[in-house]
Amino acid sequence: DGNGYVDDCHGIDTYYDDADPMDDNLVSHGTHMAGIIGAVGQNGVGVAGVNWQVSLVSCKFLSRFGLGPTSGAVACLEYVKALKDRGVNIVATNNSWGGGDFSQALHDAIDAHRQRNMLFIAAAGNDNIDHTLEPRYPADTDLPNVIAVAASTDFGNLSLFSDYGK
């Protein structure tokens with residue numbers, strides 16, 4: 001299709017620079033998140049996602065150990081933006097990869113999604129840090145399309161390990 005990625009029918013992997021975004025994370029984090037988003041219910045498997053009729057595309061930028069450069073995240077966001085620009089109906093991206101310091105390139109990539117009416121769902125993080133005192137990105141990116149999500153217990157309370165804040 002001329003987008004620079006050969007055989008990217010399921011997405012891409014910028015860490016290994018190929019078209020195989022399959023989850024090789026030690027705890028299968030990406031697979032777990034995809035299930036929360038779109039696992040079909042009432043099929044006897046025992047799990048159901050929040051949207052049973054969703055299509056997903058993967059863009060992986062982390063190693064199996066959860067490490068990878070911000071430039072890989074930006075490349076993934078650029079890939080998704082290009083899909084949207086080609087007419088793919090993309091409503092939101094799930095970005096459950098924690099965070100670190102501010103990056104202008106990452107901010108600009110998230111803003112490009114905002115300009116295309118795409119939500120950017122970000123993990124607050126799992127370090128029990130108050131983001132009001134110590135911001136973490138991308139969760140604290142100050143753009144209206146960013147929704148930061150904390151972890152909760154079975155009873156709806158904030159998990160002990162979850163980051164929190166504004």
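User: Where is tyrosine 16 found in the chain?
Analyst: Elements are read from DSSP runs, with helices (H or I) of at least four residues and strands (E) of at least two, numbered from the N terminus. On that reading, tyrosine 16 is found in the loop between strand E1 (11–13) and H1. This is a predicted model, in which local features need pLDDT of at least 70 and side-chain atom pairs count only at pLDDT 80 or more, while totals for chains, interfaces and linings use all residues. Residues are numbered from 1 along each chain as its sequence is written, and side-chain values use heavy atoms, with hydrogens and water left out.

User: How many aromatic pairs does a search of the whole structure find?
Analyst: Rings of Phe, Tyr and Trp (its six-membered ring) pair if their centres lie within 6.5 Å, and the planes count as stacked under 30 degrees, edge-to-face over 60 and tilted for the rest. The search of the whole structure finds four aromatic pairs. One of them joins tyrosine 15 and tyrosine 16, which are edge-to-face at 4.8 Å centre to centre with 80° between the planes. For exposure, buried means under 20% relative accessible area, exposed over 50% and partly exposed in between, with a 1.4 Å probe and protein chains only. Tyrosine 15 counts as partly exposed because its relative accessibility is 38%, and tyrosine 16 counts as partly exposed at 41%.
Phenylalanine 61 and tryptophan 97 form an edge-to-face pair with 5.0 Å centre to centre and 85° between the planes. Phenylalanine 61 lies in the loop between E2 and H2, and tryptophan 97 in the loop between strand E3 (92–95) and helix H3 (104–114), so this pair ties together parts that are 36 residues apart in sequence. Phenylalanine 61 is buried, at 8% relative accessible area, whereas tryptophan 97 is partly exposed at 23%.

User: Which cysteines form a disulfide?
Analyst: A disulfide is a pair of cysteine sulfur atoms within 2.5 Å, and by this rule the count comes to one. Cysteine 59 and cysteine 76 form it, with their sulfur atoms 2.2 Å apart, and the link is left-handed, with -85° about the S-S bond. The pair links distant parts of the chain, for cysteine 59 is in strand E2 (residues 58–60) and cysteine 76 is in helix H2 (residues 70–85), 17 residues apart. Cysteine 59 is partly exposed, at 24% relative accessible area, while cysteine 76 is buried, at 6%. Cysteine 9 is in no disulfide, and the nearest cysteine sulfur, that of cysteine 59, is 14 Å away. Cysteine 9 is exposed, with a relative accessible area of 66%.

User: In what order do the three strands form an open sheet?
Analyst: Two strands pair if DSSP finds at least two bridges between them. Here the order is E3-E4-E5, and the pairing is parallel. E3 and strand E5 (146–149) stand at the edges with a single partner strand each, so one side of each is left without a neighbour in the sheet. Over four bridges, E3 and E4 pair in the parallel sense, with alanine 92 opposite leucine 119 in E4. Strand E4 (residues 119–123) likewise pairs with E5 in the parallel sense over four bridges, and isoleucine 121 has isoleucine 147 of E5 as its bridge partner.

User: At roughly what angle do the axes of H2 and H3 cross?
Analyst: Axes are lines fitted to C-alpha atoms, for helices over the stretch in contact, and angles run from 0 to 180 degrees between N-to-C directions. The axes of H2 and H3 come within 9 Å and cross at roughly 15°. That makes H2 roughly parallel to H3, a word used for angles under 35 degrees, with over 145 as roughly antiparallel, 65 to 115 as roughly perpendicular and the rest as oblique.
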